Every structure is written in C-alpha cells, then in structure tokens.
Amino acid sequence: MKLAAFDFDGTILFDDGIPAHTIDAIHRWQAAGHLAVASTGKSLAAAKFGLTGYDLAFDYSVLFTGGVVTDKADTVLHSTYLDTKTVQDVIAHLKQIDGIGVYATRLTERDACFAYNVPGGSATNILRDSVQMTEEEIPVHTFIGIPIWVPGDDALREELVAWIRANVEVECVVNQDFIDIIPAGCTKGSGLYWLANHLGIPRSEVELYTFGDSFNDLSMHEVADESFSFTWSPADVQARTTHVIDGVDAVLDRLR
C-alpha cells in the first residue's frame, strides 16, 4: 500500500485556495488505488471549512495534530481531549497577553476564540471560522486543542512555549506563526501510526510519503519512507526532510 499524508496550510492550502493542479494530482493518486490522508493541526470543523467548494475528499484525516482520526465520512475513529482545568489555566494565563490570539478547538463544533489581542486589525487565514467564548463557558465544552496565534514575534513565541512546557503537562507543537497545545502524546506521527494500526497493515507493507511545510510536520516526516518540505519552509524543517520541493503535484505523480 502507498499512503501520502498532506499538511494543509502552506502545503496544499494557501491564501488563494487549493491549486487545481494539486487537487487533480491527488485524484490521480487515489484513482491508482493509493490512500490520501489529511494530516493537519486543524479541527474537524476547520478542515471541512477549508475544503468547502473543492472537489477533494481525503480517505482518512489526522486532525488536531494527531488528537483525532476520522474516515472519509468524517466518522470519528479516535479522539483524545485536554482536561478542563488545563484549558482553564492556560486560557486564564494567555488571555491578557498582548500580540496574540487565543483559540480552542472542539471535536465537531466551530473553533472558539477566547482572546484576540493582535493590533492593527490583522487576521489569520488559518483560523477563519470561529465563535467568541468566555472562560465561564469552558466547563460545558470539551476541548482537544488550544491554538495560539503569535504573528511576527519569535521572541514572544519562544517565551510562551517555555511557559507552557514548564507549567502544563501537554504536547506543545510550534508552527510558523502558531503554537498548538494538544493532549500529551499527540503528534501527527502518532496519529499516522494509530491509523496504520487501525487499518491492520504492518508498517513494512506501507510506503509512507509525507508532505508538510513547518515544524509541526516533523513528527510525521520522521516516520516516513520519504518526506517532503518546501522551498518556503524554514531551513531547520528543510534539513530534516529527504526532499525539498516547490509543489506537490509533479512529485505525487512520480511516486504513483
């Protein structure tokens, strides 16, 4: 079996959408009998929103940076959650910090926004569909992840990561402008391993190819037979993949 796993933002999904040639290449991959798997930090709701209007359906999806796995019909096969006190403690600490946006992701509902302290009216294209929520509402919801948008401030991002890792027992994954807090033990790599076990296929019988542009993709790149970052990826990410490319479609056709 051949399985290709695709990150979304900065890999197949850009500010102007998903290129038609990328969609066509994924269709050809699936028509050849291979699996196409979404592997993203997005929630189920955000992933569906991102694919709205596109003729593209993944065979399986590893969502929330490995916290959830779904099938083609969006049936949840595997899920794990943050405990309520963790969410409360993190939100209480972060909501007053200037220069960041603080969100939380739920299994099927829209993403929640707890604080938006980014000046100048700027917005992120990664979390485009959210609802406002207060701390008082936290106990009546179940959350899988806490994405923190930290645009253009590497020092602040490093400071926040240090605080999270010192004070909260969670997995903390860094993307280019985001920090993703997810349950301990969750990564894109662990999500792909869970999926392989679910399918009952020995790892030795799967050719795994991973496509991802940023730091939160490294865990899946590490378990791949061949891994692909991009010419726009950070140098540290490029150095830890087997190939650096400028687009998905030609490479996917070669692997097919």
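Two aromatic rings of Phe, Tyr or Trp (for Trp, the six-membered ring) are said to pair if their centres lie within 6.5 Å; planes under 30 degrees apart make the pair stacked, over 60 edge-to-face, and the rest tilted. By this rule, ring pairs join Phe6, Phe8, Phe58, Phe211 and Phe228 into a cluster. The model is predicted, with local features needing pLDDT of at least 70 and side-chain atom pairs pLDDT 80 or more, while totals for chains, interfaces and linings use all residues. Numbering runs from 1 along each chain as its sequence is written, and side-chain values use heavy atoms, without hydrogens or water.

The structure holds nine aromatic pairs. One of them is edge-to-face, because the rings of Phe114 and Phe143 have centres 6.1 Å apart and planes at 65°. Phe114 belongs to strand β7 (residues 111–116) and Phe143 to strand β9 (residues 143–149), so this pair ties together parts 29 residues apart in sequence. Helices (H or I, at least four residues) and strands (E, at least two) are DSSP runs numbered from the N terminus. Both phenylalanines, Phe114 and Phe143, are buried; buried means under 20% relative accessible area, exposed over 50%, and partly exposed in between (1.4 Å probe, protein chains only).

Phe230 and Trp232 form a stacked pair, 4.9 Å centre to centre with 15° between the planes. Phe230 is buried, at 0% relative accessibility, whereas Trp232 is partly exposed, at 36%.

Turning to helix α2 (residues 44–51), six of its eight residues are buried, so the helix is largely enclosed by the rest of the structure. The buried residues are Leu44, Ala45, Ala46, Ala47, Gly50 and Leu51. Just after α2, Gly53 takes a positive phi of about 90°.
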